[in-house]
Amino acid sequence: HLYGDSAGDICLQAVSGRIASGLRGEDQVFRKGGEEFVALLPGVDNATALATGERLRAAVEALALPHVGNEAGVVTVTVGVAGTGAGSSPQEARERAAAAVYAAKLSAERNRVHRADAWQPGPRPALPQ
């Protein structure tokens with residue numbers, strides 16, 4: 001809002017493009033709303049998800065899009081990471097990741113990668129016979 005709708009659109013396009021270019025072919029990224037994005041990384045473990053989040057966070061910061069409203073002086077992203085362990089749906093994982101990002105916002109821990117506390121990675125449940 002600080003720079004107007006056109007500048008906001010250009011920023012969103014640059015950020016989404018950078019995120020999409022940092023993902024594998026089987027990964028998906030969606031705009032959730034406003035400036036919120038969700039990336040689905042099928043088949044990755046906790047360490048890979050956290051490393052991917054950090055790589056994407058750094059890539060967006062490296063765009064160096066000016067933002068005087070941010071203490072870094074450039075557009076940054078805060079990343080929440082959650083997985084779909086046993087008995088967990090993608091919707092639940094998204095909600096846990098969003099909660100991690102919201103908690104980061106409240107505690108002034110933006111421009112970082114946060115793991116959702118409720119994520120308990122484990123073996124996937126066996127499919128019914």
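A crossing of two helices is called right-handed if the near helix is turned clockwise from the far one by less than a right angle. This term is needed for one of the views of this predicted model.

**Figure 1. Helix α1 packs against helix α2 in the predicted model.** The crossing of α1 past α2 is right-handed. The axes of the two helices lie 9 Å apart and form an angle of about 140°.

**Figure 2. Residues of α1 and α2 meet where the two helices are in contact.** From α1 come Val15, Arg18 and Ile19, and these meet Leu56, Ala59, Val60 and Ala62 of α2. Sorted by class, this contact has six nonpolar residues and one charged residue, with no polar residues.

**Figure 3. Ten residues form the largest nonpolar core.** Its members are Val15, Ile19, Leu23, Ala49, Leu56, Val60, Val75, Val77, Val79 and Val81. At least two core residues are supplied by each of α1 (5–21), α2 (46–62) and β3 (79–81). Helix α2 gives the largest share, three residues.

**Figure 4. Three helices and four strands make up the secondary structure elements of the protein chain.** Along the sequence, these elements follow the pattern α-β-β-α-β-α-β. Of contacts between residues at least 6 apart in sequence, 49% join residues at least 24 apart.

**Figure 5. The surface of the protein chain has an accessible area of about 8,400 Å².** Carbon and sulfur atoms account for 55% of this accessible surface. Among the 129 residues of the chain, 26% count as buried.

Note on methods
Residues numbered from 1 in each chain as written. Predicted model: local features only at pLDDT ≥ 70, side-chain atom pairs only at ≥ 80, totals over all residues. Heavy atoms only, no water. Core = buried A, V, L, I, M, F, W, Y, C linked by side-chain atoms within 4.5 Å. Buried < 20%, exposed > 50% of the residue type's maximum accessible area, 1.4 Å probe, protein only. Contact = heavy atoms within 4.5 Å. Areas by Shrake-Rupley, 256 points an atom, 1.4 Å probe, with all protein chains shown as cover. Axes fitted to C-alpha atoms, helices over the stretch in contact; angles between N-to-C directions. Nonpolar A, V, L, I, M, F, W, Y, C, P; charged D, E, K, R; others polar.
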